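The sequence and the structure come first.

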Amino acid sequence: MDKQRNAPKCIQVSVIGSHFVAAYPFDIIVYINSGGNLMITDINNKLLLKVKPCNTTFHNQRVLLDADDRPIGVLREKNMTEHARWNVFRGNTKANSELLFTTKTTHMIQQKTSVDVFLANKKGSKNDCDFKVKGSWSQRNCTICMGDSSTTIAQMQRVQPFENVKFGEDKFVVTIHPNVDYAFVVALIAIVDAMKSCGIKEKAAIQAIKNGGEVIGGVLANVIVTAATTVISSLHDD
């Protein structure tokens with residue numbers, strides 16, 4: 001853990017708000033329940049942030065809240081895109097003027113987690129990501145880096161052993177490096193969790209459709225066979 005805390009002190013990352021930045025490294029605990037709600041505390045169980053689903057008919061959405069349930073940001077999936085894009089807006093709005101950053105998967109098909117992050121006010125090339133989330137989400141072992149570099153701003157790892165974890169709840173630790181906006185880090189974690197959850201639901205829906213098609217196909221086949229048998233029998237009777 002000590003090596004993970006040795007981030008260069010010159011790095012300043014403030015995306016959602018400077019009041020979420022500390023000059024020292026610290027750990028946050030992330031709890032995720034089966035309903036997609038996230039609760040973030042410090043190591044003393046003091047509530048820091050929450051993330052709640054607020055899906056609409058056409059969009060998957062999450063809202064980032066402070067400890068008093070005040071909206072900090074809206075995380076919204078962008079429909080009809082090839083790379084699972086999400087937009088993040090300040091406060092409780094979805095106005096383009098309040099866009100903070102966007103994310104997308106690095107590749108359309110990928111085995112491990114790799115999500116590129118682009119700031120709304122970026123000054124460099126539009127094709128170069130400002131941050132990247134990479135690693136293994138299933139193992140809760142992901143790193144958030146500056147662009148495509150190896151400079152880490154946050155590192156997550158699963159809690160061992162699994163103590164005080166309720167059934168249907170996931171729990172892991174995220175080390176926030178000095179001068180890094182922890183609300184920004186939480187927003188990225190919430191997006192990756194939503195991406196994975198949406199992917200699982202889509203696969204389940206596709207499988208259900210396939211199974212339904214097989215059932216319908218089987219029923220139609222039985223109807224056709226029964227009808228053909230009836231016709232043949234009637235011909236023989238004649």
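A cavity is found on a 1 Å grid over the protein atoms alone, as a set of points where a 1.4 Å probe fits but cannot get out; lining residues have an atom within 4 Å of a point. Grid points are joined across faces, edges and corners, and a volume is the space filled by probe spheres set on the points.

The structure is a predicted model, in which local features need pLDDT of at least 70 and side-chain atom pairs count only at pLDDT 80 or more, while totals for chains, interfaces and linings use all residues. Residues are numbered from 1 along each chain as its sequence is written, and side-chain values use heavy atoms, with hydrogens and water left out.

**Cavity**

The count comes to one cavity of 30 Å³ or more. The largest cavity holds about 70 Å³ of space. Its lining includes V133, W137, C142, I144, A154, Q155 and M156, and also V174, V185, L188, I189 and V192. Which elements supply at least two residues each to this lining? They are β10 (141–146), β11 (152–158) and α2 (182–237). The largest share, four residues, comes from α2. By type, the lining residues divide into 11 nonpolar, one polar and no charged. Here Ala, Val, Leu, Ile, Met, Phe, Trp, Tyr, Cys and Pro count as nonpolar, Asp, Glu, Lys and Arg as charged, and the others, Gly among them, as polar.

**Fold**

Helices (H or I, at least four residues) and strands (E, at least two) are DSSP runs, numbered from the N terminus. The chain has two helices and 12 strands, and from the N terminus on its elements run α-β-β-β-β-β-β-β-β-β-β-β-β-α. A closed barrel of 12 strands runs from β1 through to β12, with antiparallel pairing. Neighbouring strands of this sheet are turned by 20° against each other on average, direction ignored; the axes are lines fitted to C-alpha atoms, and angles run from 0 to 180 degrees between N-to-C directions.

Two strands pair if DSSP finds at least two bridges between them.

| Strand pair | Bridges | Bridge partners |
|---|---|---|
| β4 (residues 61–66) and β5 (residues 71–77) | five | V63 and V74 |
| β7 (residues 99–105) and β8 | five | K104 and D116 |

**Burial and single residues**

Buried means under 20% relative accessible area, exposed over 50%, and partly exposed in between (1.4 Å probe, protein chains only). Of the 238 residues of the chain, 42% count as buried. In strand β8 (residues 113–119), six of the seven residues are buried, so β8 is largely enclosed by the rest of the structure.

T41 lies in strand β2 (residues 38–42) and is buried, with a relative accessible area of 3%. Leaving aside residues up to four places away in sequence, T41 touches I28, I29, Y31, K46, L47 and L48, where contact means heavy atoms within 4.5 Å.

Most residues other than glycine have a negative phi. D69, in the loop between β4 and β5, has a positive phi near 65°. R140, in the loop between β9 and β10, has a positive phi of about 55°. Is each of these two buried or partly exposed? D69 counts as partly exposed at 38% relative accessibility, whereas R140 counts as buried at 12%.

Methods. 1 Å grid on protein atoms, 1.4 Å probe; cavity = no way out; pocket = protein on both sides within 12 Å on 5 of 7 lines; lining within 4 Å.
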